[in-house]
Amino acid sequence: MQEYERLREHLARVRCRIERAAERAGRDPQSVQIVAVTKGIDREKVQAAYELGLRLFGENRVQEAQRKFGENPLPADAELHLIGYLQTNKVRHAVKLFALIHSVDRAALIEQLHERAARVGRRLPILIQVNIAGEEQKHGCRPAEAAELLALGLTKPHLDVRGLMTIAPLVAESELVRPVFRALRELRDQLQERFQHPLPELSMGMSNDFDIAVEEGATLVRIGRALFGD
(Lines give C-alpha, C1' and ligand atoms only; values in the text may rest on other atoms or scores of the structure.)
Protein backbone atom coordinates (compact mmCIF):
# COMPACT_ATOMS: atom_id res chain seq x y z
CA MET A 1 0.00 0.00 0.00
CA GLN A 2 2.87 2.35 0.77
CA GLU A 3 4.33 1.76 -2.69
CA TYR A 4 0.92 2.41 -4.26
CA GLU A 5 0.52 5.71 -2.43
CA ARG A 6 4.04 6.77 -3.37
CA LEU A 7 3.30 6.04 -7.01
CA ARG A 8 0.04 7.98 -6.76
CA GLU A 9 1.91 11.00 -5.39
CA HIS A 10 4.59 10.80 -8.08
CA LEU A 11 1.98 10.54 -10.83
CA ALA A 12 0.07 13.53 -9.48
CA ARG A 13 3.31 15.52 -9.44
CA VAL A 14 4.17 14.55 -13.02
CA ARG A 15 0.68 15.43 -14.25
CA CYS A 16 0.85 18.78 -12.50
CA ARG A 17 4.18 19.57 -14.17
CA ILE A 18 2.75 18.60 -17.56
CA GLU A 19 -0.28 20.83 -17.02
CA ARG A 20 1.85 23.80 -16.04
CA ALA A 21 4.23 23.32 -18.96
CA ALA A 22 1.33 22.98 -21.40
CA GLU A 23 -0.30 26.11 -20.04
CA ARG A 24 2.95 28.06 -20.41
CA ALA A 25 3.02 27.02 -24.07
CA GLY A 26 -0.66 27.71 -24.66
CA ARG A 27 -1.36 24.01 -25.21
CA ASP A 28 -4.11 21.69 -24.04
CA PRO A 29 -2.58 19.43 -21.35
CA GLN A 30 -4.76 16.60 -22.71
CA SER A 31 -2.65 16.65 -25.89
CA VAL A 32 0.28 15.20 -23.90
CA GLN A 33 0.32 11.52 -22.94
CA ILE A 34 2.57 9.84 -20.40
CA VAL A 35 4.41 6.72 -21.53
CA ALA A 36 5.31 5.03 -18.24
CA VAL A 37 8.77 3.52 -18.72
CA THR A 38 8.65 0.11 -17.05
CA LYS A 39 12.18 -1.10 -17.71
CA GLY A 40 13.20 -3.03 -14.59
CA ILE A 41 9.74 -2.53 -13.03
CA ASP A 42 7.89 -5.66 -11.93
CA ARG A 43 4.48 -6.57 -13.33
CA GLU A 44 2.71 -5.87 -10.03
CA LYS A 45 3.87 -2.26 -10.04
CA VAL A 46 2.85 -1.93 -13.69
CA GLN A 47 -0.62 -3.06 -12.68
CA ALA A 48 -0.68 -0.44 -9.91
CA ALA A 49 0.20 2.24 -12.47
CA TYR A 50 -2.66 1.02 -14.66
CA GLU A 51 -5.08 1.19 -11.73
CA LEU A 52 -3.99 4.80 -11.17
CA GLY A 53 -5.03 5.65 -14.73
CA LEU A 54 -1.92 5.20 -16.86
CA ARG A 55 -2.60 3.51 -20.17
CA LEU A 56 0.67 3.72 -22.13
CA PHE A 57 3.71 1.71 -21.04
CA GLY A 58 7.16 1.70 -22.59
CA GLU A 59 9.75 -1.08 -22.59
CA ASN A 60 13.36 -0.78 -23.77
CA ARG A 61 13.97 -4.41 -24.67
CA VAL A 62 11.89 -6.97 -26.48
CA GLN A 63 13.09 -9.82 -24.25
CA GLU A 64 12.03 -8.10 -21.03
CA ALA A 65 8.67 -7.21 -22.53
CA GLN A 66 8.13 -10.84 -23.52
CA ARG A 67 8.91 -12.07 -20.01
CA LYS A 68 6.73 -9.46 -18.34
CA PHE A 69 3.74 -9.29 -20.68
CA GLY A 70 3.87 -12.42 -22.86
CA GLU A 71 1.63 -14.53 -20.61
CA ASN A 72 0.21 -11.62 -18.63
CA PRO A 73 -0.70 -8.95 -21.19
CA LEU A 74 -1.91 -5.47 -20.40
CA PRO A 75 -5.69 -4.89 -20.32
CA ALA A 76 -7.29 -4.24 -23.70
CA ASP A 77 -7.52 -0.48 -23.16
CA ALA A 78 -3.76 -0.13 -22.49
CA GLU A 79 -0.83 -0.09 -24.91
CA LEU A 80 2.72 -1.39 -24.77
CA HIS A 81 5.29 0.69 -26.66
CA LEU A 82 8.86 -0.17 -27.62
CA ILE A 83 11.06 2.82 -26.85
CA GLY A 84 14.49 1.18 -27.06
CA TYR A 85 16.70 0.05 -29.93
CA LEU A 86 15.20 -2.74 -32.00
CA GLN A 87 17.49 -5.42 -33.38
CA THR A 88 16.33 -6.88 -36.67
CA ASN A 89 16.35 -10.41 -35.23
CA LYS A 90 13.71 -9.33 -32.69
CA VAL A 91 11.33 -7.80 -35.25
CA ARG A 92 8.96 -10.78 -35.47
CA HIS A 93 8.38 -10.66 -31.70
CA ALA A 94 8.12 -6.86 -31.60
CA VAL A 95 5.40 -6.76 -34.26
CA LYS A 96 3.21 -9.01 -32.11
CA LEU A 97 3.94 -7.34 -28.77
CA PHE A 98 3.89 -3.58 -29.31
CA ALA A 99 1.19 -1.09 -30.24
CA LEU A 100 3.77 1.54 -31.27
CA ILE A 101 7.49 1.34 -32.00
CA HIS A 102 9.25 4.64 -31.24
CA SER A 103 12.75 3.67 -32.35
CA VAL A 104 12.72 3.09 -36.12
CA ASP A 105 16.00 4.50 -37.38
CA ARG A 106 17.10 2.69 -40.54
CA ALA A 107 15.79 1.48 -43.87
CA ALA A 108 16.47 -2.21 -43.22
CA LEU A 109 14.32 -2.05 -40.09
CA ILE A 110 11.46 -0.43 -42.01
CA GLU A 111 11.61 -3.22 -44.59
CA GLN A 112 11.57 -5.97 -41.97
CA LEU A 113 8.83 -4.38 -39.88
CA HIS A 114 6.65 -4.06 -42.95
CA GLU A 115 7.27 -7.65 -43.98
CA ARG A 116 6.40 -9.01 -40.55
CA ALA A 117 3.39 -6.73 -40.11
CA ALA A 118 2.06 -7.93 -43.46
CA ARG A 119 2.48 -11.55 -42.36
CA VAL A 120 0.35 -11.05 -39.26
CA GLY A 121 -2.14 -8.83 -41.07
CA ARG A 122 -1.76 -5.60 -39.15
CA ARG A 123 -0.87 -1.97 -39.86
CA LEU A 124 1.89 -1.16 -37.39
CA PRO A 125 2.27 2.40 -36.05
CA ILE A 126 5.89 3.58 -35.93
CA LEU A 127 7.92 6.68 -35.14
CA ILE A 128 11.19 7.62 -36.81
CA GLN A 129 13.95 8.10 -34.26
CA VAL A 130 16.19 11.06 -35.03
CA ASN A 131 19.53 11.69 -33.31
CA ILE A 132 19.08 15.45 -33.22
CA ALA A 133 22.05 16.08 -30.92
CA GLY A 134 24.40 13.91 -33.00
CA GLU A 135 25.62 11.89 -30.02
CA GLU A 136 27.73 8.96 -31.16
CA GLN A 137 26.57 6.68 -28.34
CA LYS A 138 22.88 7.13 -29.19
CA HIS A 139 20.82 5.48 -31.89
CA GLY A 140 18.68 7.36 -34.39
CA CYS A 141 19.10 8.58 -37.92
CA ARG A 142 20.71 11.91 -38.73
CA PRO A 143 18.24 14.74 -39.29
CA ALA A 144 19.23 14.83 -42.97
CA GLU A 145 18.21 11.16 -43.31
CA ALA A 146 14.74 11.53 -41.80
CA ALA A 147 13.07 12.52 -45.07
CA GLU A 148 14.43 9.44 -46.84
CA LEU A 149 13.17 7.14 -44.08
CA LEU A 150 9.79 8.84 -44.04
CA ALA A 151 9.51 8.52 -47.81
CA LEU A 152 10.27 4.80 -47.54
CA GLY A 153 7.84 4.30 -44.67
CA LEU A 154 5.05 5.98 -46.61
CA THR A 155 5.39 3.40 -49.38
CA LYS A 156 4.64 0.57 -46.94
CA PRO A 157 0.89 -0.14 -46.59
CA HIS A 158 1.41 -2.17 -43.41
CA LEU A 159 3.22 0.66 -41.61
CA ASP A 160 1.68 3.83 -40.22
CA VAL A 161 4.34 6.53 -39.71
CA ARG A 162 2.91 8.62 -36.88
CA GLY A 163 5.74 11.04 -36.13
CA LEU A 164 9.26 11.44 -34.76
CA MET A 165 11.18 10.54 -31.61
CA THR A 166 14.42 11.76 -30.09
CA ILE A 167 16.50 11.29 -26.95
CA ALA A 168 18.07 14.48 -25.64
CA PRO A 169 21.53 14.60 -24.06
CA LEU A 170 21.71 14.17 -20.30
CA VAL A 171 22.71 17.58 -18.94
CA ALA A 172 22.79 19.24 -15.55
CA GLU A 173 20.49 22.09 -16.62
CA SER A 174 17.36 20.93 -18.47
CA GLU A 175 16.98 24.25 -20.27
CA LEU A 176 20.07 23.34 -22.32
CA VAL A 177 18.11 20.65 -24.20
CA ARG A 178 15.42 23.04 -25.42
CA PRO A 179 17.14 23.49 -28.83
CA VAL A 180 17.06 19.70 -29.33
CA PHE A 181 13.32 19.46 -28.76
CA ARG A 182 12.64 22.56 -30.81
CA ALA A 183 14.71 21.16 -33.69
CA LEU A 184 12.70 17.92 -33.68
CA ARG A 185 9.43 19.85 -33.81
CA GLU A 186 10.70 22.05 -36.63
CA LEU A 187 11.91 18.98 -38.53
CA ARG A 188 8.47 17.37 -38.08
CA ASP A 189 6.79 20.53 -39.39
CA GLN A 190 9.07 20.60 -42.44
CA LEU A 191 8.41 16.94 -43.21
CA GLN A 192 4.65 17.35 -42.86
CA GLU A 193 4.70 20.21 -45.33
CA ARG A 194 7.04 18.48 -47.76
CA PHE A 195 5.18 15.15 -47.84
CA GLN A 196 1.68 16.45 -47.11
CA HIS A 197 1.32 13.68 -44.55
CA PRO A 198 0.26 14.26 -40.93
CA LEU A 199 2.85 13.41 -38.28
CA PRO A 200 0.93 14.11 -35.07
CA GLU A 201 3.25 12.44 -32.58
CA LEU A 202 6.45 13.86 -31.08
CA SER A 203 8.00 11.43 -28.58
CA MET A 204 10.49 13.49 -26.61
CA GLY A 205 11.29 14.29 -23.01
CA MET A 206 12.08 12.05 -20.05
CA SER A 207 12.06 12.42 -16.28
CA ASN A 208 14.74 15.10 -16.16
CA ASP A 209 13.50 17.31 -19.01
CA PHE A 210 9.88 16.56 -19.91
CA ASP A 211 8.68 20.04 -18.89
CA ILE A 212 10.83 21.58 -21.63
CA ALA A 213 9.72 18.93 -24.11
CA VAL A 214 6.05 19.72 -23.44
CA GLU A 215 6.70 23.42 -23.94
CA GLU A 216 8.27 22.57 -27.31
CA GLY A 217 5.45 20.34 -28.53
CA ALA A 218 5.89 16.81 -27.15
CA THR A 219 2.80 14.63 -27.39
CA LEU A 220 4.41 11.56 -25.77
CA VAL A 221 6.72 11.94 -22.77
CA ARG A 222 8.62 8.86 -21.61
CA ILE A 223 8.65 8.91 -17.81
CA GLY A 224 10.31 6.27 -15.63
CA ARG A 225 12.29 7.59 -12.66
CA ALA A 226 9.90 10.46 -11.88
CA LEU A 227 7.12 7.88 -11.50
CA PHE A 228 8.75 4.77 -10.10
CA GLY A 229 11.86 6.18 -8.43
CA ASP A 230 15.46 5.17 -9.12
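**Exercises on a predicted model**

The protein carries 34 positive and 33 negative side chains, and the centres of the two sets lie 4 Å apart. Lys and Arg count as positive, Asp and Glu as negative; His and the chain ends are not counted. Each charge is placed at NZ of Lys, CZ of Arg, CG of Asp or CD of Glu.

This is a predicted model: local features need pLDDT of at least 70, side-chain atom pairs count only at pLDDT 80 or more, and totals for chains, interfaces and linings use all residues. Residues are numbered from 1 along each chain as its sequence is written, and side-chain values use heavy atoms, without hydrogens and water.

**Exercise 1.** Compare the radius of gyration of the protein with that of a compact globule.

*Solution.* 
- Take the radius over C-alpha atoms; the globule rule is 2.2 Å times the number of residues to the power 0.38.
- For 230 residues the rule gives a value near 17 Å; the protein has 17 Å, so the two agree.

**Exercise 2.** Classify Phe 57 as buried or exposed, then list its contacts.

*Solution.* 
- Locate Phe 57: it sits in strand S2 (residues 56–59). Strands (E, at least two residues) and helices (H or I, at least four) are DSSP runs, numbered from the N terminus.
- Apply the cut-offs: buried is under 20% relative accessible area, exposed over 50%, partly exposed in between (1.4 Å probe, protein chains only).
- Phe 57 has 0% relative accessibility, so Phe 57 is buried.
- Count contacts as heavy atoms within 4.5 Å. Leaving out residues up to four places away in sequence, Phe 57 touches Val 35, Ala 36, Thr 38, Val 46, Ala 49, Tyr 50, Leu 74, Ala 78, Glu 79, Leu 80 and His 81.

**Exercise 3.** Which residues of the largest nonpolar core touch the most other members?

*Solution.* 
- Define the core: buried Ala, Val, Leu, Ile, Met, Phe, Trp, Tyr and Cys residues joined through side-chain atoms within 4.5 Å.
- The largest core has 69 residues; Phe 57, Ile 101, Leu 113 and Leu 227 touch the most other members.
- Helix H1 (residues 2–24) gives the most to this core, with six residues.
- A second, separate core has six residues, including Val 35, Leu 100, Leu 127 and Leu 220.

**Exercise 4.** What do the buried residues of helix H6 pack against?

*Solution.* 
- In H6 (residues 146–154), Ala 146, Ala 147, Leu 149, Leu 150, Leu 152 and Gly 153 are buried.
- They pack against helix H5 (107–120), strand S5 (124–129), strand S6 (159–165) and helix H7 (178–195).
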